[in-house]
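Subject: Structure handover

Hi,

My notes follow below it.

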Amino acid sequence: MNMFCIKCGKELEPGAQFCSKCGHSTNVLQDSEAVDDDYTPKNSTATALLAMFTGMFGIHDFYAGKMQIGIAKVVLAFFGIFAFRPILLVSLIWQFIDVIRIATGSYKDGNGHPVESALWTVVYTTIGIIVLFMIPIIIIRIVVAQ
């Protein structure tokens, strides 16, 4: 009798207490209850990068299969850009919350499957952005100081 992880659907080793793929405790399913074999999880790195750079417009939601939320974010962002600027703050806060949810692994795709944690993608990208903005500032200060 094969047992499967309730979180990601990977087949478990006999007697395993945690899934070797996602680390979830072995709440197991029997063969007849197993997760769809044709399910392909969304790439957590792609989801995190899309959320960080285009999250205000909900592009990561379209990627994850959450069409209604993606459309709501596009409408909200364009309304904020072209009609009522304070609405942009709502879009940016929503983007920030989604990035945190993706980084912690609590973000789910359109089918309700969790997108794996992308904490290190978010951390490295944030550090990279800071460095990219700091290099020109440092160069300008060095040039101006001479």
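Histidine 60 is buried, because its relative accessible area is 0% (buried means under 20%, exposed over 50%, partly exposed in between, with a 1.4 Å probe and protein chains only). Histidine 60 sits in helix α2 (helices are DSSP runs of H or I with at least four residues, strands runs of E with at least two, both numbered from the N terminus). Its side chain makes a polar contact of 2.8 Å with the side chain of aspartate 98. A polar contact is a pair of N or O atoms within 3.5 Å; within protein, one must be able to donate a hydrogen and the other to accept it, and residues adjacent in sequence count only if both atoms are side-chain atoms.

Some ground rules. This is a predicted model, where local features need pLDDT of at least 70 and side-chain atom pairs pLDDT 80 or more, while totals for chains, interfaces and linings use all residues. Numbering runs from 1 along each chain as its sequence is written, and side-chain values use heavy atoms, without hydrogens or water.

Next, the aromatics. The whole structure holds 3 aromatic pairs (ring centres of Phe, Tyr or Trp, the last by its six-membered ring, within 6.5 Å; planes under 30 degrees apart are stacked, over 60 edge-to-face, the rest tilted). Phenylalanine 57 and phenylalanine 78 form a tilted pair, 5.6 Å centre to centre with 50° between the planes. This pair links distant parts of the chain: phenylalanine 57 is in the loop between α1 (44–54) and α2 (59–63), and phenylalanine 78 is 21 residues away in helix α3 (residues 67–82). Phenylalanine 78 also pairs with phenylalanine 82; the centres are 5.9 Å apart and the planes at 5°, so this pair is stacked. The two are 4 residues apart in helix α3, about one helical turn. Phenylalanine 57 is partly exposed at 26%. Phenylalanine 78 is partly exposed at 40%. Phenylalanine 82 is exposed at 67%.

Two lysines lie over ring faces. Lysine 42 is over tyrosine 63, 5.5 Å from the ring centre. Lysine 66 is over tyrosine 107, at 4.2 Å from the ring centre. The test is NZ of Lys or CZ of Arg within 6 Å of the ring centre and within 35 degrees of the ring normal.

Last, helix α5 (residues 119–145). Isoleucine 135 lies there. At 41% relative accessibility, isoleucine 135 is partly exposed.

Best wishes
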